[in-house]
Amino acid sequence: MLCPFCLKQTEFIRKQEERGGNANQRGRVMEYMACPSCESEVPRMYINNYEACPPAIVSAVGFPNHGKSVYLSSLFRLMRSPELDRRWRGYVTWPVNQGSLDRIKAAIREIDDRRLPSATPRVFPTPTLMQVKNLPDTLDRTLIMYDTAGETFRDGNDIGQYADFVARAETVLFFVSLSDLSKENRPEELRDLLETYVMGVENLGTTRKTQSLCVVLTKADEYAEQFGSKWPFPETALFLPPGEEAYLRPNDVYAISRKLRNFFDSALNAEAFLTKADDFFSSVRFTYVSALGERPTLDNRLESDARHCRLLDPILYVMRGDAHAKQTPIGKIWEWLGR
Ligand SMILES: Nc1nc2c(ncn2[C@@H]2O[C@H](COP(=O)(O)OP(=O)(O)OP(=O)(O)O)[C@@H](O)[C@H]2O)c(=O)[nH]1
Ligand SMILES: [Mg+2]
Ligand SMILES: [Zn+2]
């Protein structure tokens, strides 16, 4: 099994430990499962559902301040909202251990309170584990979600040190806020991110054509103003009626990807990025999201409640299980549709 903490393929071992004791009283001997490599306790829920809910790594790659952490917090908020429970029969999410539940709750509270996270520190991140079942057009998966400091992606060597999990993801999410790239050097900055990433993961043993790329254009609420008619979507496309924005329609998601690819080519002049991405990844897709629906105030607070836009689109690519499904007729149809 894949250890969700160090991502080594290993057999977990049984361990015993005295817990809950103090100076006057002995604790109880508890048995738990652990990874022999990193010694972390592996949650039973993860092990028991390993076959039914195989792990899928959600790796947030992207420069500082490009919206990775806010996306993940808003994604938790959307995925845990009662709206989705009502919409899809059997749809359910399960945080897999206490640490994950605590992190998810804290992130949701922050967005509910209209506050935003501070910059993510450059340390090896602890993953948040959540099982997701019966999300339409996806396979049931245990999401292993890593939020990495953007600084890590400025140096290929740092990727090995602080983010080696990116090398293990089937689908890599590249978060790019076009508003935060320099206007003059946009194509070069996009290419830099790609080259640093590829250098970093090739050193970790990832080979060509084994990973899919999903480019996530963040802060899309700013693009209509920034790009005018070059932005390929009407402003109204950003906000669908309440609840609708959560509704995945694979055909819409693929159509968006095709339009954004053209936009990269014709409006951003990012040909080098596209050619290199096609060369390294087995497939290259594009999505746009807005986690907040508006630009925060200068002191980085929200003036109104966050409105989420198309946050599940990237997760569709992560959870549809290309690697597992490719052989099945349905998988082949998906591949064809996604072309
Ligand atoms: N307009 C708009 N701004 C956003 C949105 N999401 C994030 N932002 C702004 O972007 C800032 C940075 O977002 P983060 O998610 O913290 O960025 P990050 O990529 O995690 O940055 P590091 O942790 O430093 O790597 C936020 O504090 C917001 O001001 C959005 O959907 N729309
Ligand atoms: Mg962050
Ligand atoms: Zn481990």
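Let's start with the shell around ligand 1, which by class has nine nonpolar, ten polar and five charged residues. Please keep in mind that this is a predicted model.

**Around ligand 1**
- In total, 24 residues surround ligand 1.
- The closest of them are P64, S69, V70, T120 and G150.

**Two helices that pack together**
- Two packed helices are described by the angle between their axes and the distance between the axes.
- For helix α2 (residues 68-79) and helix α4 (residues 98-112), the angle is about 95° and the axes are 8 Å apart.
- Angles of 65 to 115 degrees count as roughly perpendicular, and α2 and α4 are therefore roughly perpendicular to each other.
- On the α2 side, the residues in the contact are L72, S73, S74, F76 and R77, while α4 brings I104, A107, I108, E110 and I111.
- Sorted by class, this contact of α2 with α4 has six nonpolar, two polar and two charged residues.

**Two loop residues with positive phi**
- K219 is not a glycine, yet its phi is positive, at about 60°.
- You can find K219 in the loop between β8 (212-217) and α7 (223-227).
- Is K219 buried or exposed? A residue is buried if 20 or more other C-beta atoms lie within 10 Å of its own; K219 has 25 other C-beta atoms within 10 Å, so K219 is buried.
- N269, also a residue other than glycine, has a positive phi near 50°.
- The loop between α8 (250-266) and α9 (271-280) is where N269 lies.
- N269 counts as exposed because it has 12 C-beta neighbours inside 10 Å, and the cut-off for exposed is 12 or fewer.

Notes: Residues numbered from 1 in each chain as written. Chains lettered and ligands numbered in written order. Predicted model: local features only at pLDDT ≥ 70, side-chain atom pairs only at ≥ 80, totals over all residues. Axes fitted to C-alpha atoms, helices over the stretch in contact; angles between N-to-C directions. Helix = DSSP H or I, 4+ residues; strand = E, 2+ residues; numbered from the N terminus. Parallel < 35°, antiparallel > 145°, perpendicular 65-115°, else oblique. Contact = placed C-beta atoms within 7 Å. Nonpolar A, V, L, I, M, F, W, Y, C, P; charged D, E, K, R; others polar. Near = placed C-beta within 6 Å.
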